[in-house]
Amino acid sequence: MYEKHFGLAKKPFVTTPSPRFIYLGSSHREALASLICGVREGWGFISLGGEVGTGKTTLLRALLEELDASLKTILITHTTLTKTELLRTILDDLDIPAKGLRRVEMIRALHQFLLDEVMAGRKPPVLIIDEAQNLQPEVLEEIRLLSNLETGESKLIQVILA
């Protein structure tokens, strides 16, 4: 119906958020610009808030399309993870072997990977967590502790909570 009437090639109102159909009103444009700037400038920790259905997930997808393809990103949308599952997911997305590792060993492996990235001149990976309001307090604390991984000059991982 909408496609024919408006001359669209695809259905604009589907259940999955697509940045193809994003409408950047002033607040969305400002939020996306802040996300892009924050990642490029290495702010370390960024929070994106808003009511249900206001386009946060779509903005995150738009951000992913705007970022340099060489930048490593971890997108977590299932937020009923334990802190150990969170670590395993991060390691898995970064292709860091984690099978059989205890939690402390996973943290060490992640830290070493992040240090190697900086030493190679690459930007820190970006951990993006959508639906962050569903995270358990101990998982939020784990994320806070991960954000403490840093050198004397910069954060080793950037975190976006939406």
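This is a predicted model: local features need pLDDT of at least 70, side-chain atom pairs count only at pLDDT 80 or more; totals for chains, interfaces and linings use all residues.
Trainee: Is Ser 147 buried or exposed?

Mentor: Buried means under 20% relative accessible area, exposed over 50%, and partly exposed in between, with a 1.4 Å probe and protein chains only. Ser 147 has 7% relative accessibility, so Ser 147 counts as buried.

Trainee: Which residues does Ser 147 touch?

Mentor: Contact means heavy atoms within 4.5 Å. Leaving aside residues up to four places away in sequence, Ser 147 touches Phe 45, Lys 155 and Ile 157.

Trainee: What is the order of the strands in the open sheet?

Mentor: Two strands pair if DSSP finds at least two bridges between them. Strand 1 and strand 4 are joined by 3 bridges, and strand 3 (residues 126–129) and strand 4 (residues 158–161) by 4 bridges. The sheet has 4 strands with parallel pairing, in the order 1-4-3-2.

Trainee: Which strands stand at the edges?

Mentor: An edge strand here has a single partner strand, so one side is left without a neighbour in the sheet. That is the case for strand 1 (45–47) and strand 2 (73–76).

Trainee: What angle does the direction of helix 4 make with that of strand 2?

Mentor: Axes are lines fitted to C-alpha atoms, for helices over the stretch in contact, and angles between N-to-C directions run from 0 to 180 degrees. The twist of the sheet averages 10° from one strand to the next. Helix 4 (residues 83–93) packs on the sheet, touching strand 2 and strand 3, and its direction makes with that of strand 2 an angle of about 140°.

Trainee: Which residues touch the most other members of the largest nonpolar core?

Mentor: A nonpolar core is a set of buried Ala, Val, Leu, Ile, Met, Phe, Trp, Tyr and Cys residues joined through side-chain atoms within 4.5 Å. The largest one has 26 residues, with at least two each from strand 2, helix 4, helix 5, strand 3, helix 6 and strand 4. The members that touch the most others are Ile 76, Leu 86, Ile 90, Leu 110, Leu 127, Ile 129 and Ile 143.

Trainee: Why is helix 2 called oblique to helix 3?

Mentor: Angles under 35 degrees count as roughly parallel, over 145 as roughly antiparallel, 65 to 115 as roughly perpendicular, and the rest as oblique. The axes of helix 2 (residues 26–41) and helix 3 (residues 56–66) come within 10 Å and cross at roughly 45°. That angle makes helix 2, relative to helix 3, oblique.

Trainee: What is the phi of Asp 95?

Mentor: Most residues other than glycine have a negative phi. Asp 95 sits in the loop between helix 4 and helix 5 (103–119), and with 69% relative accessibility it counts as exposed. Although Asp 95 is not a glycine, its phi is positive, at about 60°.

Notes: Residues are numbered from 1 along each chain as its sequence is written. Side-chain values use heavy atoms; hydrogens and water are left out.
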